[in-house]
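Colleague: I would like to learn how to read a model of this kind, feature by feature. Please give the general idea each time, then the case at hand.

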Amino acid sequence: MSGAKKPESAADIARRIQRMTLLVRSAARSLMHLRPTHGQNATPPGIPNGVSNGATAAKSSGKRPSPYSGKPPGKPGPFGLDVEPKTGQWWVLAQGRALDPEDFDSREAARADLLAAVLRAGVLVPENIWVWDESGRAQLVLATLPTEERAWRVAERLRQKGLAVIVRREMP
């Protein structure tokens, strides 16, 4: 059977996990420039003193604001992470082929095909966020936008690049 996959050894799996860990660490290091340094004014210019924002509220509580959103940390969500739902956000999703959620290899192949199509279209996403819903298709978040109108404009431009794209309200 020349088409059968050779089972991976524990050493191969460990090497793959180490490579993924290094990729995640390097991506995190590349984002560290977004984090305010100690003593750096976290209030954006143009906001008068006395006007409360997430940064000033976080300073008073002794916790630093999120380096990505500038919002104060909320109560810990699952796995101890600070999770704050973004209400009113719209997702632009690339859709791939149908997948069998019970078959891991089929699901990974559908995701790989979709990711390859997205890259061929010249779209670079900073993080692969996969969406599961009743459609039973591989779906990748390409953009998160504050208004439905902007999401539809971005979706139309991406369709012109040959991608199957839909717009959905952000899922909780």
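Colleague: Is Arg-111 buried or exposed, or what else could it be?

Modeller: Buried means under 20% relative accessible area, exposed over 50%, and partly exposed in between (1.4 Å probe, protein chains only). Arg-111 has a relative accessible area of 18%, so the residue counts as buried. This is a predicted model, in which local features need pLDDT of at least 70 and side-chain atom pairs count only at pLDDT 80 or more, while totals for chains, interfaces and linings use all residues. Residues are numbered from 1 along each chain as its sequence is written, and side-chain values use heavy atoms, with hydrogens and water left out.

Colleague: Which side chain meets that of Arg-111 in a salt bridge?

Modeller: Side chains of opposite charge can pair when their charged atoms come close. The rule for a salt bridge is a side-chain nitrogen of Lys or Arg within 4 Å of a carboxyl oxygen of Asp or Glu. Arg-111 pairs with Glu-108 at 3.5 Å, N to O. Both lie in helix α3, three residues apart, about one turn of the helix. Glu-108 is partly exposed, because its relative accessible area is 32%.

Colleague: How many salt bridges are there by this rule?

Modeller: The count comes to five. One of them joins Asp-113 and Arg-97 (3.0 Å, N to O). That pair links distant parts of the chain, with Asp-113 in helix α3 and Arg-97 in strand β1, 16 residues apart. Asp-113 is partly exposed at 41%, and Arg-97 is partly exposed at 39%. Another salt bridge, between Glu-8 and Arg-16, has an N to O distance of 2.3 Å.

Colleague: Which residues touch the most other members of the largest nonpolar core?

Modeller: A nonpolar core is a set of buried Ala, Val, Leu, Ile, Met, Phe, Trp, Tyr and Cys residues joined through side-chain atoms within 4.5 Å. The largest one has 21 residues, and those touching the most other members are Val-92, Val-118, Val-123, Leu-142, Leu-158 and Leu-163. At least two core residues come from each of β1 (90–98), α3 (104–120), β2 (137–145), α4 (148–160) and β3 (165–169). The largest share, five residues, is from β2.

Colleague: What does Ala-155 touch, not counting residues up to four places away in sequence?

Modeller: A contact means heavy atoms within 4.5 Å. Ala-155, placed in helix α4, touches Val-92, Val-165 and Val-167 beyond that sequence limit. The residue is buried, with a relative accessible area of 0%. Its C-alpha atom is separated by 9.5 Å from that of Trp-91, 64 residues apart along the chain.

Colleague: Where is confidence lowest, and where highest?

Modeller: pLDDT is the predictor's confidence in each residue, from 0 to 100. The protein has a mean of 75, with 61% of its residues at 70 or more. Helix α2 (residues 54–61) is lowest, at a mean of 45, and α4 is highest, at 94. Below 50 lie residues 46–60, a stretch with 19 contacts in the model beyond near neighbours in sequence. Where pLDDT is low, the predicted coordinates should not be read in detail.

Note on methods
Helix = DSSP H or I, 4+ residues; strand = E, 2+ residues; numbered from the N terminus.
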